[in-house]
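Please open the model in your viewer and keep the sequence panel beside it, so that each stop can be selected in turn.

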Amino acid sequence: MRRGVMVGVVLALVLLMPTSILAQDGDSTRRHTVQAGENLYRIAQQYGTTVFAIAEANNITNPNIIVVGQELIIPEATTEPSATEEPTDEATATPTEEPTEFITYQVQQGDNLFRIAAEYNTTVRAISELNGITNPNLIVTGTTLRIPVVEADVDVPPDATEEAGETPIPTAVPVDETPVSEATSTEAAPEATEEPTEVAVEPTAEEGGEEDVVDMPESAVAFDYGIEVELFGQDKQAVIERVNTLGVSWIKQEVDWSVIEPVQGNIVWTDLDEIINLANANNLNLMLTLKNAPDWARSNTENAGPPDDYAAFAAFAGSIAGRYVGSVNAYEVWDEPNVASNWTGKPLNGASYVELLSAAYTAIKTADPNAVVVSGGLRPTGLNDPNVAIDDRVFLSQMYGAGLADVSDAVGAHPVGFANPPDSTCCENNPEIPGWDDHPSFFFLNILQDYRSIMNQNGDDRTFIWATEFGWGSS
């Protein structure tokens, strides 16, 4: 079941018709004005060229981000595959011309092209071209790849360069997800024969050596859709059938510790076992959000909150991870710990939460080293009141100050968009939006950009953001 990790989004936006080609005063250069709903892949497909070619012609450092109204130079048509081609039935195409020097590598479970490229001091693009891979997001366990030989002292050029100062957004924005209430996002796994692989944890340096840094375009990262479900107390099979009609590959299920272990040492497994078995039987990747201490673990039983002794929660998380090794892909530790109603009984700050996260991280990784541990998604509040809530940006900075980078594989986020379009930013005073538009906390894109900036400032720029819950109002 371990199929890949990374957060995705589920609410598809409407794609509009392509725009016209522009030519100015005898200039024969082809130009295209970006329309709402377009992306570089679709534009490249329309003109018979590639994403890389358009990105290079227009000095685009992040191919996932183009702006409506932006005028693009369209280079001459080419038959080369685009690095962000959408998935097809085949994960790879027929390899091209035989290289002069290469070695072979068999894809292992948990691999992705970025990690393989970093290990062999080459690039995702070079491996893709050498093996005729049209979609770098999909590689199959057991496939033999040809790896171009690169001398150790040769600098590897980036796949899609990111100029210094540019802040890449780790999730492409043209889509989102929403269940009955709020949405979740995750990363992917189609059929066993087309297995996107884990990407949440970046490669680290060998002992005593330095890490080879290889720039990675977001287009080379496995990406898929997910949705938050509530299976406890429901007709679980009926809910899963509805999930399947959406075509998503991930589900998120919240697990209330106070319900699962109402008496210390007596975990009620029945419902959870059924949920895990259903997810596995339907080839769904699964993330569990563990939250809410039972009364027996807390001296302050007002609202919801953490236990007096964080070791008690670690024991619970370790028991869950140990029981479901290989069946649960990821664990989100707590839900919105920057809000007093979810964190009553302990100081409301990032350091207090990271202490709990650290204990849970160790327990989960000890039980299941392959599971991805995601920090609890924070609620955007714009408020700093220790009796009510701490602003999510402030709280995230506090978390990094307490060592977040060492005790998480991904950073959870709840970038709710309220009534604002996902590609808009604060504060445009749109007359069609009567409220909830005067602070960055109300904007999906602002939240992700601010989180990435904080992560960069703390040297954690190679960790991914997982949007574990979000959505937009429908009216």
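Select asparagine 283, which counts as partly exposed at 35% relative accessibility (buried is under 20% relative accessible area, exposed over 50%, partly exposed in between, with a 1.4 Å probe and protein chains only). Asparagine 283 sits in the loop between helix H7 (270–281) and strand E9 (285–291), where helices (H or I, at least four residues) and strands (E, at least two) are DSSP runs numbered from the N terminus. Its phi is positive, about 55°, although it is not a glycine. Most residues other than glycine have a negative phi, and most peptide bonds are trans.

This is a predicted model, in which local features need pLDDT of at least 70 and side-chain atom pairs count only at pLDDT 80 or more, while totals for chains, interfaces and linings use all residues. Residues are numbered from 1 along each chain as its sequence is written, and side-chain values use heavy atoms, with hydrogens and water left out.

Go next to tryptophan 334, another residue other than glycine with a positive phi, near 80°; tryptophan 334 is buried, with a relative accessible area of 0%, and lies in the loop between strand E10 (330–333) and helix H9 (350–367).

Now select arginine 393 in helix H10 (residues 392–401), which is buried at 11% relative accessible area. Leaving aside neighbours within four places in sequence, arginine 393 is in contact (heavy atoms within 4.5 Å) with residues including Pro380, Asn446 and Tyr451.

Finish at cysteine 427, where the peptide bond from cysteine 426 is cis, with omega near 0°.
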